[in-house]
2 protein chains.
Amino acid sequence: MQLRIPGPTPIPEEVLQKLNKQMINHRGKEFAELIHDVTRRLKDLFQTKGDVFILTGSGTGGMEAAVVNTLSPGDRVLVVSNGFFGDRFGELAERFGAEVSWLRFEWGLAADPEAIRQALSQDNSIKAVLVTHNETSTGVTNDLASIARVVREFDKLLLVDAISSLGSIDLPVDAWGCDVVVTASQKGFMVPPGLAMVSVSDRAWQAHSRARMPRYYWDFTLAKSFLERRGQTPWTPALTTFYGLIAALKLMEEEGLPNIIARHARVARRAREGIKSLGLSLFPQEAFASNTVTAVRAPDGINVKELLRILREEHGVILAGGQERLEGRIFRIGHLGYVEEADIEEVLEALRVALPKAASRVTG
Amino acid sequence: MQLRIPGPTPIPEEVLQKLNKQMINHRGKEFAELIHDVTRRLKDLFQTKGDVFILTGSGTGGMEAAVVNTLSPGDRVLVVSNGFFGDRFGELAERFGAEVSWLRFEWGLAADPEAIRQALSQDNSIKAVLVTHNETSTGVTNDLASIARVVREFDKLLLVDAISSLGSIDLPVDAWGCDVVVTASQKGFMVPPGLAMVSVSDRAWQAHSRARMPRYYWDFTLAKSFLERRGQTPWTPALTTFYGLIAALKLMEEEGLPNIIARHARVARRAREGIKSLGLSLFPQEAFASNTVTAVRAPDGINVKELLRILREEHGVILAGGQERLEGRIFRIGHLGYVEEADIEEVLEALRVALPKAASRVTG
């Protein structure tokens, strides 16, 4: 089976083996050692000396945590969106009472840092910029380095959805000056879903001290206090995922972050070349094509649902379709976390066989 | 090792074996079948024909979901608290802007349904009653049947923290008329932490349609829509815990809910008798002593921390201490989920040996 959706990613055998470890006391010494070890290693991958917290929840829970911990109802925020997940970040902020200024880009294009500069220079009331590093729905990686530089010029808060990038695509949190960065266990970290990981900068803590959006479960003050004073989480943590995470983080340390990032770039390049050699077109602007997910335009005469079914049932290859307005128009190959070029070769070979079948079955 | 804290509970071997299953597509057919199967079985254990949702998060996340999905800022709620977790429920509601009327009972005593009747008859503005079924911090099970009857008389909304009771202690959700009932995977369900399960009554849905507390991650409307239309969760679910949950639910179905409830009663009785035969006293009012956790007064001259250390290091028995004002004053034996009388015998034998040691080491 080739599970090639953009998360959850397959789990390496060394990690899988740790998942059936028996429960321990989450308020005891063994867990305290585990969470401190995991947190220290995560800080290396976030490339931060700031705080990193591990929250029991999905990545979207981490996005909610980023918003409710740093903003107040009525705060104006600039939401930079070029896809489904950018829209989610803004919708979430609206739900909690933020006044959202939308800066939308065509799906498939990258967000333009200059447009962000203009938006910030035109409206001084903006307190924070919300941005998606890697837009999983369109296969675009935004130029976060440049975006962060602009946000820093204007001294605004920068909240980043890095769910499908951190640990796979370079994101030096401190060097770029990102304030809250959110990622999740089932992406580059190669463990099951169920943990969100967030970094919190000094600037984010200052915002936090004034932020009045209601929060309890996701509260960073509670997370910090329990972590530092007791080596615990405020609420019972997803222990099994922690067992997997420490094993995966050791694998990642062995490989080394620069090598991991280079592997993702290499695998993604192979995916893009292979797609083009099959006569297919990439959906995104190629200069910003993501190294963790490749979005492919469905060729004329191909029913995406039928293609995905053939790939799954006849080839054991699981790809993702398009989301929302892209449903039926694209399909997506996930290549993050536990992935090598050989996996992509299998996907490409399956596509080579399946595409004509999908075409004939629809038209025939 | 005897992990006898009130959750996470030990995981049966049959469940542990399922936890290292490889990832699947959480937006595919296999997961749709899994979530429908799990949900159907959970409804049997909740004894409800209403909705049941599985949320990726800790039990406290489920409590937050109960509050934010049914209430508006400024709503007056009656919080019935006789312990640490009752206080948590009320504090959470306050954080989201509810006006809390506290009805507090001495820790160790049960909540008095007559006092609830008085409180409700004195203040017609109360919209909801928040109550803890099983107060894990003191080892007290409240008389939820009677409390629910009172709440129904006044036609108020009833939100129940049943985290350490449901699936272990009888809680017929529909028969008693409970509106939102929250439990969690690492308790009676014998799986790792990381999933909260909530039932939602018709009355709760009516409240939901008017409820204005901000919500996104925990939103019941999204949960219902994704479950019913696609067999999915809105956000990536904790797949590994789902794998365990379906295995555990099959074990629970084999044993049968009445037998499970009887086993918990039997094991708890043995724990209480054993504790008394060691010359120790129960902390709670015995008539309301919980069938999932036994709280024991620390005898004079015993340092609880030292006792727990000896039990852990010399006997492999892990018990819990007291929380907040009960720290150092009690210790607690968890006996929920995967537990038999033989486990309690081991705990009692370890206590018999450890107690004099803990006494002599402190006084000596």
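What follows is a short exchange about a strand and a helix in chain B of this predicted model.

Me: What makes strand E9 (residues 180-184) of chain B mostly covered?

Reply: A residue is called buried if 20 or more other C-beta atoms lie within 10 Å of its own, and five of the five residues of E9(B) are buried, so the strand is described as mostly covered.

Me: Which residues of E9(B) lie on one side, and which on the other?

Reply: Val180(B), Val182(B) and Ala184(B) are on one side, while Val181(B) and Thr183(B) are on the other, and with all of them buried both faces are covered. In a regular strand the side chains alternate between the two faces of the sheet.

Me: How do you know that strand E8 (residues 157-161) of chain B and E9(B) pair?

Reply: Pairing requires at least two bridges between two strands, and E8(B) and E9(B) have three, in the parallel sense, so they pair. Val160(B) stands opposite Val181(B) in E9(B).

Me: In what sense does E9(B) pair with strand E10 (residues 195-200) of chain B?

Reply: These two strands pair in the antiparallel sense, over five bridges, and Ala184(B) stands opposite Ala196(B) in E10(B).

Me: What covers the buried residues of H10(B)?

Reply: The cover includes helix H10 (239-255) of chain A, together with elements of chain B, among them E10 and helix H11 (257-277); the buried residues include Leu239(B), Phe242(B) and Met252(B).

Technical notes:
Residues are numbered from 1 along each chain as its sequence is written. Chains are lettered from A and ligands numbered from 1 in the order in which they are written. This is a predicted model: local features need pLDDT of at least 70, side-chain atom pairs count only at pLDDT 80 or more; totals for chains, interfaces and linings use all residues. A residue is buried if 20 or more other C-beta atoms lie within 10 Å of its own, exposed if 12 or fewer, and partly exposed in between; C-beta atoms are placed from the backbone. Helices (H or I, at least four residues) and strands (E, at least two) are DSSP runs, numbered from the N terminus. Two residues are in contact if their C-beta atoms, placed from the backbone, lie within 7 Å.
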